[in-house]
Amino acid sequence: MSAQHQEVMSLDLPDKAKKFLTEVWGIKRLYPPQSEAMPAVLSGSNTLLAIPTASGKSLIAYIGILRKLLVDDIGSKAVYIVPLKALASEKYDDLKELGDHLGLKVGLGIGDSVREAANIDTCDILVCTSEKLDSIIRSNSDIAANVSIVIADEFHLMNDSSRGPTLEINLTRLRYLRPKSQLIALSATVGNCEELALWLDATLVRSEWRPVALEYSTFHDLHVEPRMVQSSQIGEEITILNPPRDIEGPKSHPAGAIVIDSLAQDGQLLVFVGTRRSAQSEARSLAKRVKKVLAKQDPERLSKLQQLVTKLSRNTQSSMGESLCEAISGGVAFHHAGLTHAQRKEIESAFKQGLLVALTATPTLAAGVNLPARRVLVRDIKRWDDGMSRPLPVMEIRQMLGRAGRPKYDDFGEAWILCKGTDGWEIADEVSDKYFFGPIEDITSKLASEPAMRMHLLSMITSGGMQHRSSIIGFFKATFLGHCMSSEVLEERLDTMLHWLIEERFIRRVGIDEHFSLSHDLKQQSAEIPVSETHMPVWAKIADSTGGVEWNFESESDYEKPFTQRSSAHSKVSLGFSNASTLRNVGGWKDEVKSDDLAMKYEATTMGERITQFYLDPLSASILRHGMRRAIRRLVRGNAPVTDFGIIHLATATPDFSSLWAKTKDMAQGSPLWVKTNSVEDELLHDSAYEERLLGYVKSAWMLEMWMDENTLREIETTLDVSPGDVNYRVDTISWLMSGAQAILMADDAFSEEHMEQISILSSQIDVLKQRVRHGCKKDLLQLVNIRSIGRRRARELASMGYRTIKSLAAMSNTEKKTLSSKRGWGPKIVDNLLVEVEKIIRPKEYDKEALRLIKTGQSIDDEKLREDDIPLDDENYAVD
């Protein structure tokens with residue numbers, strides 16, 4: 001490792017970039033691991049960084065982006081991949097500030113808004129989640145044509161079963177499309193760094209250096225015993241540990257003793273627990289102790305905490321929100337996925353500002369936003385998994401402990417693990433041996449799982465250009481799965497999944513392509529397209545820089561001719577995979593398989609294309625299609641109901657929906673959930689073999705039904721014990737699944753034309769459901785809730801006053817406007833904005849400043865201008881031109 005902190009001004013970057021880093025961000029010198037990475041990063045080499053949390057991995061990525069976009073490949077695009085939306089927003093803010101100063105446009109890809117889509121196409125730097133990038137490339141692979149550098153943040157999460165396969169596919173696809181682009185992977189320390197670097201064809205930069213020294217300790221029976229120090233010194237390790245010590249407090253509540261000790265040292269505490277319920281109960285217990293101390297020592301801090309409570313309580317709609325406010329009033333908060341987005345942002349901000357003394361959280365926080373603290377306590381080192389309590393992986397524990405020590409604020413960090421049991425000394429030694437000194441687990445590919453393989457295999461056939469068995473096998477051999485798995489086993493799994501996709505009619509086997517060759521494929525794509533510099537198509541631009549692709553012509557004049565005018569006997573053009581051994585720039589390739597059916601050709605059906613377009617798991621599509629067919633048969637025969645609840649229940653039964661769990665009390669005969677399940681049995685379109693799973697699906701559908709029936713979040717929480725954050729997440733998911741179900745229904749060719757009436761009825765029913773679940777309202781409010789800034793609560797108030805249509809709102813008199821303005825939660829400004837939006841809907845073309853002036857001055861708009869056929873239907877959506 002370099003013994004020097006390299007000066008930022010010595011970097012081979014444009015002066016304006018170095019000036020920004022030093023003057024705006026105040027970074028004068030690089031950390032040793034950053035300095036060590038610079039030769040590889042600045043030379044454009046692939047780089048795998050395996051260094052601790054808070055050691056400056058992000059800055060290395062930013063420098064690599066600046067080098068590519070401002071020096072090596074001016075006009076190209078950078079892609080920054082992150083695992084979570086919260087982390088994407090954090091990186092976007094950093095890069096937006098950087099881009100604004102250096103003339104680079106930054107786009108964010110985490111949702112589906114029109115504005116976001118426009119920015120994705122035109123930005124220089126795209127920050128996005130793996131899932132969003134996968135979706136983008138599926139619909140428009142041209143987005144990769146100009147990519148010169150790819151950043152994979154939190155690369156070690158490729159080990160995660162839910163996020164890992166998509167990241168692995170994205171990296172393989174980008175390296176296939178743009179093998180000359182640079183890849184920088186930012187990872188925590190993992191067991192098989194060398195193997196991952198080999199797969200990525202990357203320079204490995206590995207270090208245990210931290211900017212803030214981190215002391216690892218075990219804690220039991222109020223006894224703190226330091227075990228190891230991770231050094232902040234260059235070239236040597238600190239081996240001197242602080243002496244063991246005992247802290248004061250109750251043995252029955254060790255976390256309580258620790259938080260008071262942290263407060264006495266003017267530090268903050270981050271406590272990791274196993275479950276949401278534990279996070280909430282621990283936060284409340286800690287808050288009681290902290291509040292007593294602050295009342296005596298820092299009443300001003302309590303006053304500021306009360307201001308935060310007041311702010312949060314305005315929008316609190318659940319008992320969990322009230323519990324959060326109660327904890328915050330004592331200087332402690334809890335953080336988990338059950339909170340709303342707004343609540344999480346307020347908590348994170350208060351902790352970063354130092355207002356909160358402690359924060360209890362579930363392990364997911366360790367992989368999310370950057371919230372360091374002086375001291376970290378891992379209270380629970382086990383969690384319930386597959387029906388039993390299992391120890392957490394070393395990698396996950398290290399991620400949590402790595403949050404200790406705030407750069408620029410702390411001289412050192414303290415990482416403690418609570419050791420529970422009757423023999424605390426023995427358990428502490430075991431914990432230390434495993435989590436402090438033991439080996440970290442290897443990253444393994446999760447792409448072999450059925451859900452991941454069937455989804456990405458269909459995608460590659462549908463939109464990835466892989467139609468021949470040879471290409472399919474070749475691509476999957478380039479993945480980390482292919483790097484680690486034998487060719488025979490990989491091919492067997494791919495063939496099994498191909499067979500399933502064919503049986504489901506998502507793809508079809510076209511047959512052996514007797515004329516198949518790489519050059520043949522190219523000629524088919526290239527007919528009548530000249531390959532001059534000014535007319536080269538996107539696929540050819542990609543191919544021109546692709547390893548293993550050759551453009552061989554007999555003469556220079558032949559290069560200038562259209563493909564159709566070239567002599568096949570004297571020109572050779574090949575696009576696709578060469579022998580794997582020749583593809584040096586793409587790691588993980590094996591020798592080409594030899595089989596009689598390598599030329600077998602597959603193509604996606606219309607159904608398969610819709611599945612890929614809507615980013616559905618093919619098994620979800622199969623379940624939805626089966627249920628939709630049952631619904632059509634019921635409508636045709638008229639022998640069973642097709643209800644909203646039945647359709648919603650069908651969607652909750654798909655693997656794409658995170659179903660709620662039925663608790664022990666729910667499974668008791670006579671429980672409300674048991675009664676509900678029996679009452680809707682004849683409405684269900686999906687069969688569940690296991691009672692527990694059936695109850696979970698019904699509970700999920702019941703939650704969504706309550707939401708659409710305008711029950712409050714508090715009522716849902718009281719009835720079903722579901723947190724607001726969980727409701728919001730599942731509402732978003734079910735809206736997407738309803739759109740997918742509608743597309744599947746229309747793509748299904750099982751029914752004859754005489755049943756189009758029933759198909760149309762079902763499609764309309766799904767469309768109304770989609771709107772209802774999005775807005776959380778009954779059908780009679782759909783016109784009102786589609787007005788911008790009018791939610792379901794205000795829409796219900798308007799309906800209770802007799803305003804149920806756009807036309808009735810437009811005809812509102814001045815007296816009625818004043819009456820509405822005087823109501824709680826309204827006001828003149830809100831009413832004026834409401835009427836402005838109404839005018840935009842009624843007359844999107846004719847709407848002008850004069851109408852706005854009339855509304856704001858309280859003058860009536862001529863009602864005679866309103867025509868009945870100008871009033872939009874419920875499902876119409878206009879944007880102002």
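Helices (H or I, at least four residues) and strands (E, at least two) are taken as DSSP runs and numbered from the N terminus. On this basis the protein chain contains 36 helices and 21 strands. The structure is a predicted model, in which local features need pLDDT of at least 70, side-chain atom pairs count only at pLDDT 80 or more, and totals for chains, interfaces and linings use all residues. Residues are numbered from 1 along each chain as its sequence is written, and side-chain values use heavy atoms, with hydrogens and water left out.

Of the 881 residues in the protein chain, 56% are buried, that is, under 20% relative accessible area with a 1.4 Å probe, protein chains only. Contacts (heavy atoms within 4.5 Å) were also examined by sequence separation. Among those with a separation of 6 or more, 70% join residues 24 or more positions apart.

Helix H7 (residues 164–177) comprises 14 residues and spans 20 Å from its first C-alpha to its last, close to the 20 Å expected at 1.5 Å a residue; the expected span is 1.5 Å times one less than the number of residues. H7 is mostly covered, with 13 of its 14 residues buried.

Helix H16 (residues 450–463) packs against helix H23 (residues 606–613) at an angle of about 110°, their axes lying 9 Å apart. H16 is therefore roughly perpendicular to H23, a term applied to angles of 65 to 115 degrees. Leu-458, Ser-459, Thr-462 and Ser-463 of H16 make the contact with Gly-608, Glu-609, Ile-611 and Thr-612 of H23.

Terms used
Buried means under 20% relative accessible area, exposed over 50%, partly exposed in between (1.4 Å probe, protein chains only). Axes are lines fitted to C-alpha atoms, for helices over the stretch in contact, and angles run from 0 to 180 degrees between N-to-C directions. Angles under 35 degrees count as roughly parallel, over 145 as roughly antiparallel, 65 to 115 as roughly perpendicular and the rest as oblique.
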